[in-house]
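Good morning, colleagues. I ask that you keep the structure in view while I speak.

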Amino acid sequence: FNRLTGARVEISNYPGSTVEYTKGRSRLLGESVELIDVPGTYSLKPSCRAEEVAVEMLDKESIIINVVDATNLERNLYLTLELIERGFAILVALNIWDETKHRGINIDVKKLENILGVPVVPTCGLSGEGIRELVLRLKTVKEREPADTSSTQRWERIGRIVSEVQVLSHRHHTFLEILEGLSIRPLSGILIGLIVLSLSFFIIRIIGESLISYILDPLFEKYWLPVMEKLSAVLQNSEFIHHLVIGNLIEGKIDFGLSFGVLTTGLYVPLAVVFPYILSFYFVLGLMEDFGYLPRFAVLVDNIMHKVGLHGYAAIGMVLGLGCNVPGALSTRLLESRREKFIAATLLSIAVPCMAQIAVIVGLLGSRSMQAVIVVFVTLALIWFAIGLVLNKVVKGESMPLMLEIPPYRKPQIKSVLKKLFMRISGFLTEAVPYVLLGVLLVSIFYTIGIIDILSRLFSPVLKHAWGLPPEAISALLIGFLRKDVAVGMLGPMDLTLKQLTVGCIILAIYFPCFATFMVLVKELGLKDMLKSALIMVLTTLLVGGILSRILWL
């Protein structure tokens, strides 16, 4: 799809659902045409809402490009035969063609084309092999007369076709194929999983910290600080505007991390603190996606996920949430049942902090006590599992079985990884940064007009007596609804004890999702279910904050 359309694509929800399809335009054979990438399906008899949408979008007046996995011909031909029997104008793209050579799979393309009676073109989406021929052969596609065949007859025909066109040759397993098997076996798989996750977060930290120390901090200090100092001097006579734009002067100077003005902290936090970790996370995630590890990770944790009412694929959403909760929340639409979506969304919102929040927590607590950092993340893990066990018992329904295609391990192509990285980072910059600026502006206004003081007095009993936090911590709770990483950062200048700081970090992690995640989840779950989920978050925060505060005092 990307080879045919380039980067100019539009992602939309199918009417009446949260299932996405992608639309793009291209100029093929001298004509401007629209291409639609529908959700994947293996049959015209759908087993979930996404497959229903794919079937509903089929159009007799359109040409259908049926993308077939050449390394799994037998399984993929079922849908091909169904499309042919329905009389659709179809062209078969025999994709992942490069992998057949490595796996000892020899397919007679001409013979397959003659048997099926439709154009068949070997392609490789990553390298672009066969794409030109695919476009040229679009003009040879035509409709066929519909035919009626039973499922049994269809499978029998597939067996005959595969035996006629495909020959498998013996060869020794490659290192990657050996690694594929080891990745999903319980003992070796867990070890490999721990190594992959540890290495991933090490790379993320190294890239993120290097970008901050050697590029972004120097840029802000050398080029942006002088501009802000001149603007501060101009606005000195207007205290209200100065407070909003520049923020507070720390010992007579601008501190990007503490001043809390819209153009100081408001820009510094998302661009110089959050952005480097988001960039490095999505880069590593893209490598794991293209290498083929994530589906194996889903299979590996499937048994554990079923304990909390989910299947293994929901774990990928949790991993996405570690980068940013918004794509994690969007991933809930891939889960089949409403029950699974509710459980996954609630667990994600309560106990899966985003990479930006993790970075700030580690930065604040790590310099004082690594034990405190361990307490935070062990507590979140226990909360995740405990809430999941409860929801699995309380929420009616059954967990769906894991039905997931496991691709072969493949060498990632840097062009593909960078393209996905660019698209994801663009989304972060356009969606997240405005919320940070809005949040900083609102808190500055609330401080100036006295609302923070009123709320501090109102919530003082809970903050002080239940959680052991000072009343001014209410400002962090308010900003946390807009950006949690900024909220955690606000605890830094409050002169909190180590115990208070630890409790504060945990409370801010579990009490509510950020505004962007909240809006996505309202869209995915509906307002009623999202309010139920929010109630669980608030009750969990009150309970965990009180218990943890007393445990740490002891």
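This is a predicted model: local features need pLDDT of at least 70, side-chain atom pairs count only at pLDDT 80 or more; totals for chains, interfaces and linings use all residues.

Residues are numbered from 1 along each chain as its sequence is written, and side-chain values use heavy atoms, with hydrogens and water left out.

Let me begin with helix α8, residues 175–184. Helices (H or I, at least four residues) and strands (E, at least two) are DSSP runs, numbered from the N terminus. Two packed helices are described by the angle between their axes and the distance between the axes. Here, axes are lines fitted to C-alpha atoms, for helices over the stretch in contact, and angles run from 0 to 180 degrees between N-to-C directions.

How do the axes of α8 and α9 cross? They cross at roughly 100° and come within 5 Å, α9 being residues 186–234. That makes α8 roughly perpendicular to α9; angles of 65 to 115 degrees count as roughly perpendicular, under 35 as roughly parallel, over 145 as roughly antiparallel, and the rest as oblique. On the α8 side, L179, L182, S183 and I184 meet P186, S188, G189 and I192 of α9, where contact means heavy atoms within 4.5 Å. By class, this contact of α8 with α9 holds five nonpolar, three polar and no charged residues. For these classes, Ala, Val, Leu, Ile, Met, Phe, Trp, Tyr, Cys and Pro count as nonpolar, Asp, Glu, Lys and Arg as charged, and the others, Gly among them, as polar.

Helix α8 also meets helix α12, residues 293–300. Their axes come within 8 Å and cross at roughly 30°, and α8 and α12 are therefore roughly parallel to each other. E180, S183 and I184 in α8 are in contact with R296, V299 and L300 in α12. That contact divides into three nonpolar, one polar and two charged residues.

I turn now to helix α11, residues 265–291. Its 27 residues reach 38 Å from first C-alpha to last, close to the 39 Å expected at 1.5 Å a residue; the expected span is 1.5 Å times one less than the number of residues. Where does α11 bend? The bend is at F275, by about 45°, and a proline, P276, follows within four residues. The bend at a residue is the angle between axes fitted to the seven residues ending there and the seven starting there.

Of the 27 residues in α11, 20 are buried, where buried means under 20% relative accessible area, exposed over 50% and partly exposed in between (1.4 Å probe, protein chains only). V273, in α11, counts as partly exposed at 22% relative accessibility. Not counting residues up to four places away in sequence, V273 touches I212, Y268 and V360. After α11 comes G292, whose phi is positive, near 100°.

Finally, two loop residues. I96 lies between β5 (89–95) and α4 (97–102), and I96 is buried, with a relative accessible area of 19%. Most residues other than glycine have a negative phi. Phi of I96, however, is positive, near 60°.

A473 lies in the loop between α21 (460–466) and α22 (474–480), and A473 is buried at 5% relative accessible area. Leaving aside neighbours within four places in sequence, A473 is in contact with L463 and M494.
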